[in-house]
Amino acid sequence: MVEAIKRNAVILLGLILAGAACVMASGYLASPRGALGPTVMGAQSPVSAGLAILLCFTGATIVACLVARMINPLVGLFVLGAGLFALAGRAETVAELAFSGSPPGGRTRLALLAIETMMWAGLVLAASFTAFKVGTIDNGNQEAGDESIDRIWGAESLKMAAGAAVVLVAVWIIAKSPTKGQMIGATFFGGLAAGMLGRALGQRTEPVLLFAAPIFFGAIGHVIGMLSLKMPLDQAFVLRELSVFSLPMPIDYAAGSLMGVAVGWGWAESFHHKAPDERLRVPMP
């Protein structure tokens, strides 16, 4: 009972601190029209916005790593995703990107969207690597050099990451309008499906790559949306001709992936009743 109270207190405090850290960056995301823009590159000052996001994300990652150390990496990364969710919920949708006119050219804006999403994938990968590095418990039953353990860049880990392409299916099914609820829901359920599928595919490794993989495929989705754009971006938005893959914003993918993969992997893990001595520590390069 006492341990459960301590665990819940750590999670609650982590959620509050991570959310507060991420929300601090919101003031720097103002678009040229004055609204809280959905992207860094579409902000009035992209450099200031990028630095603010980096600093706040770093602070939230530190909180996530502390939670990972005290509980486990999955919970820590879920806390980080919840912090980003607090920021994503304040930001505008793709409508702001469509009507802001900055930068000029609809395809240019969608190309920058893909680049920014890829940058978020890199940030989340670094956070995931760190959380599993500090949070994974080595119980001494497996040696780090054991050949039976797949490395994070090994074939099994890459196979798990490839399965995260299911996030595009979730976006295609769920994201029918650019409302923030649908965007977070689509990316969350996509991440959840990726987590469950990854657990089924990965038997000898931990999901270090998996948390960033749905965001990577989200960037591919943005490229698809850019290539399918046949008219000005604002016109495509009004006429509902904008590709469904262009609707989720980069931070939506980051928040949804972190929370969804953590929940999906945890649920799938509950069906695998492994003995304590079967826990594996992923050998970091």
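The buried residues of helix H2 pack against helix H1 (2-23), helix H3 (73-88) and helix H5 (106-135). Contact here means heavy atoms within 4.5 Å. Buried stands for under 20% relative accessible area, exposed for over 50%, and partly exposed for what lies in between, with a 1.4 Å probe and protein chains only. Helices are DSSP runs of H or I with at least four residues, strands are runs of E with at least two, and both are numbered from the N terminus.

The model is predicted: local features need pLDDT of at least 70, side-chain atom pairs count only at pLDDT 80 or more, and totals for chains, interfaces and linings use all residues. Residues are numbered from 1 along each chain as its sequence is written, and side-chain values use heavy atoms, with hydrogens and water left out.

**Overall fold**

The chain has 11 helices and zero strands. Its pattern along the sequence is α-α-α-α-α-α-α-α-α-α-α. Of its 285 residues, 54% count as buried. Among contacts with a separation of 6 or more, 81% join residues 24 or more positions apart.

**Helix H2 and the cysteines**

H2 spans residues 46-70, which is 25 residues. From first C-alpha to last it reaches 36 Å, close to the 36 Å expected at 1.5 Å a residue. That expected span is 1.5 Å times one less than the number of residues. The buried residues of H2 include Ala49, Ile53, Cys56, Phe57, Val63 and Cys65.

A disulfide is a covalent bond between the sulfur atoms of two cysteines. The criterion used is a pair of cysteine sulfur atoms within 2.5 Å. The structure holds zero disulfides. Cysteine 22 is buried, at 2% relative accessibility. Cysteine 56 is buried too, at 13%.

**Cavities and pockets**

The search runs on a 1 Å grid over the protein atoms alone. A cavity is a set of points where a 1.4 Å probe fits but cannot get out. A pocket is an open set with protein on both sides within 12 Å along at least five of seven lines. Lining residues have an atom within 4 Å of a point. Points are joined across faces, edges and corners, and a volume is the space filled by probe spheres set on them.

Four cavities of 30 Å³ or more turn up. The largest cavity holds about 60 Å³ of space. Ile53 belongs to its lining, as do Leu29, Pro38, Glu116, Trp120 and Ile251, among others. The lining divides into eight nonpolar residues, two polar and one charged. Nonpolar covers Ala, Val, Leu, Ile, Met, Phe, Trp, Tyr, Cys and Pro; charged covers Asp, Glu, Lys and Arg; the others, Gly among them, are polar.

The second largest pocket has a volume of about 220 Å³. H5, helix H6 (155-162) and H9 each supply at least two residues of its lining. Among the lining residues are Met118, Leu125, Trp153, Leu158, Phe216 and Phe217. What is the makeup of this lining, nonpolar or charged? It has 12 nonpolar residues, no polar and no charged.

**Selected residues**

| Residue | Relative accessible area | State |
|---|---|---|
| Histidine 222 | 1% | buried |
| Methionine 196 | 31% | partly exposed |
| Arginine 204 | 34% | partly exposed |
| Arginine 240 | 68% | exposed |

Histidine 222 lies in helix H9 (residues 213-228). Not counting residues up to four places away in sequence, histidine 222 touches Leu110, Leu113, Ala114, Thr117, Phe245, Ser246, Pro248, Pro250 and Tyr253.

Methionine 196 sits in helix H8. Methionine 196 and alanine 164 are 32 residues apart in sequence, with their C-alpha atoms 9.8 Å apart.

Arginine 204 is in the loop between helix H8 (180-201) and H9. Serine 157 is 47 residues from arginine 204 in sequence and 8.6 Å from it in space, C-alpha to C-alpha.

Arginine 240 occupies the loop between helix H10 (233-238) and helix H11 (250-269). The phi of arginine 240 is near 60°, a positive value in a residue other than glycine.
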